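Subject: Structure handover

Hello,

Please find the structure below.

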Amino acid sequence: MDRIRIVGGNKLAGSIPISGAKNAALPLMIASLLTDDTLTLENVPHLADVEQLIRILGNHGVDYSVNGRREKQQEGYSRTITFSARNIVDTTAPYELVSKMRASFWVIGPLLARMGEAKVSLPGGCAIGTRPVDLFLEGLQALGADIDVDTGYVIAKTRNGRLVGNRYVFPKVSVGATHVLMMAASLAKGETVLENAAREPEIVNLAECLNAMGAKISGAGTATITIDGVEALSGARVRVIPDRIETGTYAMAVAMTGGDVVLEGARPDLLQTALDIISQTGAEITQTNSGIRVRRNGAGISPVDVTTAPFPAFPTDLQAQFMGLMTMAKGKSRITETIFENRFMHVQELARLGAHITLSGQTAIVDGVAKLKGAPVMATDLRASVSLVIAGLAAEGETTVNRVYHLDRGFERLEEKLSGCGAEIERISG
Ligand code: EPZ
């Protein structure tokens, strides 16, 4: 199994290209199931999760081709990919595939809306929390679907071949359920109003994509989304937005090691709350023509309290990285996780580097230390593992991060991007 070896202590300086967002690319790829025409997506990141979803879509009969010039002219960087779901050959998503990636459950929306039926495995548990699918099922039932759950599968059928628009109020904000209901309602008969919908930028990107395909969606990015159903959707060409979590991660890395880095292609409006918090820790953040510049020179890291919540608040997907930064702050900070109940697995590993963290329910109290010392650590999930990388960059001596496959799910060319800015970081294969 690959490992990442880091020798900490170097400041970061230079520029880092920000990739297309994993969490935008995945629902856009799934939207290809809604049409028999072709959907071309630009700026799709080259990640293990994207490759896995290509396999899952292939099982339903979706063809794809990687086309055009490579955007960075280098193998492995974000690409333009065309998807064609002309013939859907199977409306079942089996356990073996869905259990590998939770987002693949989302195929239930387009399959049901276009084919009138879908049989999709329950995604099962997940390291960061129980993550049920009740909101998906309740929402699809509101659109007139009959739903059965049997032997680990959700079996969904439309009554007269088509979903029917309705008003649905989410009892809790869910990114995935908002994606799915927006896709399903696009092909429903009549109007759907989704209230208390997720407002994440990835929702807006999907709505833009669906509208380019001929859907009639308004209000995406607010808590109320209105969808006027159409009979069929066509092809389109859409660009994946820059990854706000990758942006925030590298911004925190610079805030921690010190230095001066431009995050090329990053959009501040996608993560304003996180950027404000990073500024409060003592880093200087400015918008440039090409992206976001992050600097910290000399000043120590100030402690700042953070609570995760749905967009536009501070994202749960940056919580672990922020905790990494706070381990070296000049004082105590409190980090409260409100989205997932078990998203503190990085605490034990950060402690191996010398961090002082105590847990009290959903809050971590981080007592900053003057220095961390490198050690072997274990990646437990995608965002937790990158928090260990950030901490390793600032720690004295050598840190080895094991189980790197977690990182490969969501960070494109991490070692290359960081070593390009002066970090001593390498992948050790085998
Ligand atoms: C998306 O997951 C992201 N994944 C996650 O990123 C992210 O952490 C999360 O949104 C929150 O921002 C993708 O976009 C692929 P939710 P999702 O439904 O959609 C509960 C990463 O590291 N809930 O918004 O699965 C749920 O348990 C990943 O890139 C129900 O109770 O998250 C959670 O507590 C990890 N019932 C809360 O809602 C449901 O039916 C929010 O989850 C659905 C969700």
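This is a predicted model. Four strands form an open sheet in the order β4-β5-β3-β14, and their pairing is mixed. At the edges are β4 (63–67) and β14 (236–239), each of which pairs on one side only. From one strand to the next, the twist averages 20°.

Within this sheet, β3 (residues 38–44) and β5 (residues 79–84) run antiparallel and are joined by five bridges. Leu 41 has Ile 81 of β5 opposite it. As background, the strands of a sheet pair through backbone hydrogen bonds, in either a parallel or an antiparallel way.

Helix α7 (residues 201–212) lies across β3 and β14, and α7 runs at about 160° to β14.

On the cysteines: how many disulfides does the structure hold? The number is zero. For reference, a disulfide is a covalent bond between the sulfur atoms of two cysteines.

Are Cys 209 and Cys 421 buried or exposed? Cys 209 has a relative accessibility of 0%, so it counts as buried, the cut-off being under 20% relative accessible area. Cys 421 is also buried, because its relative accessible area is 2%, again under 20%.

Regards

Methods. Residues are numbered from 1 along each chain as its sequence is written. This is a predicted model: local features need pLDDT of at least 70, side-chain atom pairs count only at pLDDT 80 or more; totals for chains, interfaces and linings use all residues. Side-chain values use heavy atoms; hydrogens and water are left out. A disulfide is a pair of cysteine sulfur atoms within 2.5 Å. Buried means under 20% relative accessible area, exposed over 50%, partly exposed in between (1.4 Å probe, protein chains only). Two strands pair if DSSP finds at least two bridges between them. Helices (H or I, at least four residues) and strands (E, at least two) are DSSP runs, numbered from the N terminus. Axes are lines fitted to C-alpha atoms, for helices over the stretch in contact, and angles run from 0 to 180 degrees between N-to-C directions. Contact means heavy atoms within 4.5 Å.
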